[in-house]
Amino acid sequence: MASADLSVPAISSDLGVSPPAEPVSLAAASVVPAADRLQLIGITKRYHALVANDAISLSVAPGQIHAVLGENGAGKSTLMKIIYGAVRADAGEMLWNGRQVQVENPDVARRLGIGMVFQHFSLFETLTVVENIALVLGGRFDLAALAERVRKVSTQYGLSLDPLRRVHSLSVGERQRVEIVRCLLQDPQLLILDEPTSVLTPQAVQKLFQTLRQLAREGVSILYISHKLHEIQSLCDVATVIRAGRVTGHAIPREETPASLARMMIGRELPQCAVAPYLGVSRPLLEVNHLSLPAPDPFGTSLQDISLSVQAGEILGIAGISGNGQNELMAALSGELPCASEAVVLEGRAIGHLDPGARRDLGLGFVPEERLGRGAVPAMSLARNALLTAHRRGMVRLGLVNDGLAAAFARQVIARFGVKCSGEAAAARALSGGNLQKFIVGREMEQSPKVLLVSQPTWGVDVGAAAQLRQTLIDLSREGVAILVVSEELEELFEICDRIAVLAAGRLAAPQAKADCNAEQIGLRMAGPQAEAA
Amino acid sequence: MHLLEPRAEPSRTLQWAAPPLAILLMLLAGSLLFLVLGRNPVEAFRVFFIQPLESGYGWSELLLKAGPLILIAEGLAIGFRARIYNIGAEGQLIFGAICAGGVAIYAQGHEGHWTLPAMVLAGALGGLFWGAIPALLKTHFNAEETLTTLMLTYVANFLLSWLVHIPWRDPQGMNFPQSVMFSDAELFTPLFEGSRLNTSIGLAVVAVVVFQVLVRRSFLAYRLEVGGQAPTAARYAGFSQRATIWVSLCVSGMMAGLAGVGEVAGPIGQLNLNLSPGYGYAAIIVAYLGRLHPLGIVLSGLLMALLYLGGEAAQMTLQLPAAITGLFQGMLLFFLLGTDAFIDNRLRLPRRNA
Amino acid sequence: MIDHLTPVLVGTLGAATPLVLAGLGELITERSGVMNLGVEGMMLIGAIAGFATGVGTDGNMTLGLLAGAGAGVLAASLFAVLALSLAANQAACGLALTIFGVGLSAFIGQSYVSHSLPGLQPYDVPGLSSIPFIGPVLFHQDPVVYLAFGLYVLVAWVLARTRLGLLLRAVGESPEAAHAIGYPVLLIRWCATLTGGAFAGLAGAYLSTVYTPLWVQNMTAGRGWISVALVVFATWKPTRLLLGACLFGGVTILQFQAQGLGLDVPVELLASLPYMATILVLVLISRDRSLLLLNLPASLGRPFLPGR
């Protein structure tokens, strides 16, 4: 895929030369060691044809907050897993405090003093906080004593935690605290955080940054993985930028602009969406009336008295942190969870009791957040996956499938939405996240829905595809379709939505026009009713 | 400990080569077994795999045994595609046979052209009913079908045992636990003079054609397959999970019931305690070995029938226990599952730089 | 009344013992996220290995029981190679193991059909066995019964109180997370599976060498499957497993008692009671989905291959 770039030689300045600027925080460290805390030289990792990491080099000084900046799929997570010993590099060296080391597995990494806070948490839901922490600590197995230590450390860093609670009852933010405290109890010299703020409210992000700065002052080095430019500018001392598996630049974020960082990250300007006004008649297409639903399983959230309406020609955004009822709300709207008949109304018709198929027949489209396994069957071809929801467009006669029609439909979606794949016979799992998302969105749109539900439209999608998907949704709404978008990314909602509502703990705050709300307020509401009152 | 790493693309070669490879491995392991038992492997293989097919009668016996195996496996494969594991086809076969046998016993004395079709219907419905019980238990009470179908097999066996011991015992049967012999109108007609092969093989032929169309072309089969491969995608698409469970278990139960009719109204000709030499279990292997594919199942059904014949021949000629068939069946499934693993994965090679 | 009850209760513990052993083994295996449906096969292999060893050593019961456990481990390792190292479908592998076990035990057992073994004499626990009623029930049993109940205590303690138990539960819930923090998931699952095999093999050997010390083809008669069902019934908790096993032991014994009393009930109906009871308890426990979800090892039956 990167065949055109193969001739580019390795840039010698990348090789282990630490950034020139002396980090401010280093002054506070008690001892100034001679060597960098961590130095990577020429780390390379291939997965079959894909080169995830191509001769990556970087160094991190003690007490430095070092950003690794890159968009989805650039190879950041692979690099971090290599440092942490969860993945082995094909080539390259790693120096730890000036000494060459082989990190065979995470246990070795932990003993060196490397801690990692995972993007998708590595916690066990049915175990308590202290049990989770005990699993990574050696020494005597004494849960009571450990619980005491957890309480002490969590207070010291402002990360309040109840050690005896089971993880499944914790909010996403609390779970992240468990991960951080778990690292801190091992006296780390380097802490790796992989996209830590995607699950936090803006206020919680500020609190996290305070904790990280405190740690840096105490001499802990921090590797901070993110694609959010403003966060990196406010937190990090230096940044290494990665694109398509290669280092494309080193920078001091405070001296750059978001535009210049974006250029390094994606090779061009950040694409902007064009939002046109809606010129048609506004009328409610989807209405939700006092929808209440008990949690479908013990780890779920119950919905409480949710009411909203989405008009033709508008996009309504639902903001909130995952796990606050988003899945349950979307399942209730799509029909996967049946509810009271009058609770969901499509074009004046009560549909709450109907199953997803019957709702689709009436013009309801749905793009779920999980693409593989829900929006598409991984091992089936795109043509077979077209059949999944588009079978109602004449592809089935007398119970028999017309494969030709299904294939033609898939080809049409591929062509219209620029899905990069080997053709309609390609298996869904062979597509990249962005291309599969384009296919699923395209499949739903080609069926001319009146209402489209979209959950996390650009999760894990690269910047170019994300911009295309957002523009597609805006354009579709302007054709008179009512669109409901659930997203964790506030920036995304502000970019594409006309109105925004916040879902917290299964309750929905009344939607507000985009012009009337700001990130600060929405962040407060995301934290839930208690936080808002405080 | 980790022997595998994922392939970028599933191997198309292995997709069809895995079953022959598994058979080859079974033969290799079989040779070792024969050597250990002090038999000449070449001679043993001749007895096991060639000798049964040296006569026309042998071939007719092969088809006779392949018939029920294919019938059951076609039904099971539908369920397995949907990941509904009916492992109690043996019980459904027995219950279907009981129902068909009941019709035959009560019809004695006034049987006619209607009797055999009525037996077939009763057997099919009986098998369907015995498969519907676990379907009900799963849809309404969430009870695992693997365990309930199997437990019901034991129950069906005890029911059969009671029937042939007490109410349906042949009064002239010298106290043996068996029913009266069925009359000609209650039996499938033999196809050839001196052979046990009969018209019930037609049921298997029809089944193969019907299932071929069903699996290759029908939307029903597509829905079942989505339900098996990605249950959340099925829910997202609005394909009913309950319907999947009911269809899978009822269809496979019905097919097993039909196989039961074929046995009691065929080579056995009465109800007794030896209705099936484990066809219901062997058909599980037949279904997997045939790639859950309606035509593949025909081939694997023939092979499995040969294993049964070979076991009988080995008992007579080599004085080995007939249970050797079960041993070969188990090994075959082991090797098949083992070779299947390499469709999506490949062997992990030792690292060059450690 | 008590005179009638005592033999029933004494028999109950004996009948429960193979279920306790095989059930505990499967519980350990399933707690690590591995569903081994081959318990019936492993029990049969253990049974014939134990019986053959017993016959071959002129009735050395200890060796017979050990051989049973060892054979169970070997059988489980066949399953582990396929279902763990090769990540094959666990349900199919378990089934294959059962089919193989039925075939192998029948094949080897053919030459042992007329043999029998002396069995084990009950051992009176000094002092305790003379307590009225309780003594003969609890403390006048054969040594394997004591062993089974000792193993129950051990397993319950390990699961609830030790790092090993915590690790087993963690791997069963999320092998991905356990791998991410650096635990050898496959090794742990292998160990759990082999332990399950040892327990099942011992259970089978107990049946063939002590409980009914003569060889009958398919002598486990579905006890392996009932053990699997018991683990579900127990919601993966050792104490509930123990109670469930005793309940089933009781049903089995009552069936013999009823036959002995000459009740006018078909023998077959009585004999099918344990199987129908299995269905009944499965239905009763499974209908409460959230109860199962809260206790079920979340990765149960899902193969794990480290890699991407």
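With 534 residues, chain A would have a radius of gyration near 24 Å if it were a compact globule, and its 25 Å agrees with that; the radius is taken over C-alpha atoms, and the globule rule is 2.2 Å times the number of residues to the power 0.38. Keep in mind that this is a predicted model, where local features need pLDDT of at least 70, side-chain atom pairs count only at pLDDT 80 or more, and totals for chains, interfaces and linings use all residues. Residues are numbered from 1 along each chain as its sequence is written, while chains are lettered from A and ligands numbered from 1 in the order in which they are written.

**Chain A overall**

- The C-alpha trace of chain A spans about 75 × 55 × 45 Å along its principal axes.
- Chain A has 17 helices and 23 strands, which are DSSP runs numbered from the N terminus (helices: H or I, at least four residues; strands: E, at least two).
- Of the 534 residues in chain A, 51% are buried, meaning that 20 or more other C-beta atoms, placed from the backbone, lie within 10 Å of the residue's own.
- Take the chain A contacts (C-beta atoms, placed from the backbone, within 7 Å) between residues at least 6 apart in sequence: 68% of them join residues at least 24 apart.

**Where chain C meets chain B**

- Chain C puts 46 residues into this contact and chain B puts in 42.
- Helices of chain C that each supply at least two residues to that side include H3 (61-85), H4 (90-109) and H9 (185-211).
- H4(C) gives the largest share of chain C's side, twelve residues.
- Chain C's side divides into 33 nonpolar, nine polar and four charged residues; Ala, Val, Leu, Ile, Met, Phe, Trp, Tyr, Cys and Pro count as nonpolar, Asp, Glu, Lys and Arg as charged, and the others, Gly among them, as polar.

**Helix H10 of chain C**

- H10(C) is mostly covered, with eleven of its eleven residues buried.
- Among those buried residues are C:Arg223, C:Trp225 and C:Phe233.
- Just after H10(C), C:Thr235 takes a positive phi of about 45°.

**H6 against H7 in chain C**

- The axes of H6 (residues 143-161) and H7 (residues 163-173) of chain C come within 5 Å and cross at roughly 75°.
- That makes H6(C) roughly perpendicular to H7(C) (65 to 115 degrees).
- C:Val158, C:Leu159, C:Ala160 and C:Arg161 of H6(C) make the contact with C:Leu164, C:Gly165 and C:Leu168 of H7(C).

Methods
Two residues are in contact if their C-beta atoms, placed from the backbone, lie within 7 Å. A residue is buried if 20 or more other C-beta atoms lie within 10 Å of its own, exposed if 12 or fewer, and partly exposed in between; C-beta atoms are placed from the backbone. Axes are lines fitted to C-alpha atoms, for helices over the stretch in contact, and angles run from 0 to 180 degrees between N-to-C directions. Angles under 35 degrees count as roughly parallel, over 145 as roughly antiparallel, 65 to 115 as roughly perpendicular and the rest as oblique.
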